[in-house]
Amino acid sequence: MSKAIETKVVQVQEIAEKFQAAASVVVVDYRGLTVSQVTELRKQLREAGVEFKVYKNTLTRRATEIAGVEAINEFLTGPNAVAFSNEDVVAPAKIINEFAKKNEALEIKAGIIEGVVSSVEDVKALAELPSREGLLSMLLSVLQAPVRNFALATKAVAEQKEEQGA
């Protein structure tokens, strides 16, 4: 095998491993963005622990076949960048969606959410969800409400008994 083919085989394997390990993946068309805009997007994604890469479509297609997510291949046309997140499912969708609102040149094409190929609408719906911390605080407030209401009712009964006894 030639050196170039060996290099490509290694790249395909690396990309496939990223697809398999990722909690979520977002594919975007970055045409029309300036270098400074792409740099800013990369910075925001890096801070959230998201890897943002540009790969050749042929290599990406082969990697998706190895990873078992070849349904996303129909979206791999033209210049694409792929955001991989291994831990936070929402982070890449949220950051890219916010960035796309400010920079209309960035177009979300599709995504993979926990191994399932998702449409643009699904990715945007995921981006609109509150963060993990926000969801946890909502859950905590829901769990605290009955206890809080019980404490207020007990206090009101105690105060009423005090008034009757006085």
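1. Leu-139 is partly exposed, at a relative accessible area of 47% (buried means under 20%, exposed over 50%, partly exposed in between, with a 1.4 Å probe and protein chains only). Leu-139 sits in helix α6, residues 132–165; helices here are DSSP runs of H or I with at least four residues, strands are runs of E with at least two, and both are numbered from the N terminus. Together with Leu-136 and Leu-143, Leu-139 makes up a nonpolar surface patch with about 290 Å² of accessible area. Patches take residues with over 30% relative accessible area and no salt bridge, joining like charges within 9 Å and nonpolar side chains (Val, Leu, Ile, Met, Phe, Trp, Tyr) within 5 Å. The areas come from the Shrake-Rupley method with a 1.4 Å probe, and for residues only the protein chains shown count as cover.

2. A word on the basis of these notes. This is a predicted model, in which local features need pLDDT of at least 70 and side-chain atom pairs count only at pLDDT 80 or more, while totals for chains, interfaces and linings use all residues. Residues are numbered from 1 along each chain as its sequence is written, and side-chain values use heavy atoms, with hydrogens and water left out.

3. Now to the sheet. It is open, with 5 strands in the order β2-β3-β1-β4-β5 and antiparallel pairing; two strands pair if DSSP finds at least two bridges between them. At the edges are β2 (50–53) and β5 (116–118), each pairing on one side only. From one strand to the next, the twist averages 20°. Helix α4 (residues 91–102) packs on this sheet and touches β1 (24–29), β2, β3 and β4 (107–113), where contact means heavy atoms within 4.5 Å. The direction of α4 makes about 25° with that of β1; axes are lines fitted to C-alpha atoms, for helices over the stretch in contact, and angles run from 0 to 180 degrees between N-to-C directions.

4. Strand β4 is largely enclosed by the rest of the structure, because 5 of its 7 residues are buried. On one pairing, 6 bridges join β4 to β1 in an antiparallel run, and Val-25 stands opposite Ile-112 of β4. On another, β4 is joined to β5 by 3 antiparallel bridges, with Gly-111 partnered by Ser-118 in β5. β4 and β5 form a hairpin with 2 residues between them, and Glu-114 in the turn has a positive phi of about 50°.

5. The structure holds 5 salt bridges, each a side-chain nitrogen of Lys or Arg within 4 Å of a carboxyl oxygen of Asp or Glu. One of them joins Lys-18 and Glu-51 at 2.6 Å, N to O. This pair links distant parts of the chain, with Lys-18 in helix α1 (residues 3–21) and Glu-51 in strand β2, 33 residues apart. Lys-18 is partly exposed at 22% relative accessibility, and Glu-51 is partly exposed at 30%.

6. Two further pairs deserve a look. Arg-31 and Asp-29 meet at 2.9 Å, N to O, and Asp-29 is buried at 4% relative accessibility. Glu-128 and Lys-101 meet at 3.4 Å, N to O. Glu-128 lies in helix α5 (residues 120–128) and Lys-101 in α4, so this pair ties together parts 27 residues apart in sequence. Salt bridges with shared partners join Glu-98, Lys-101 and Glu-128 into one network.
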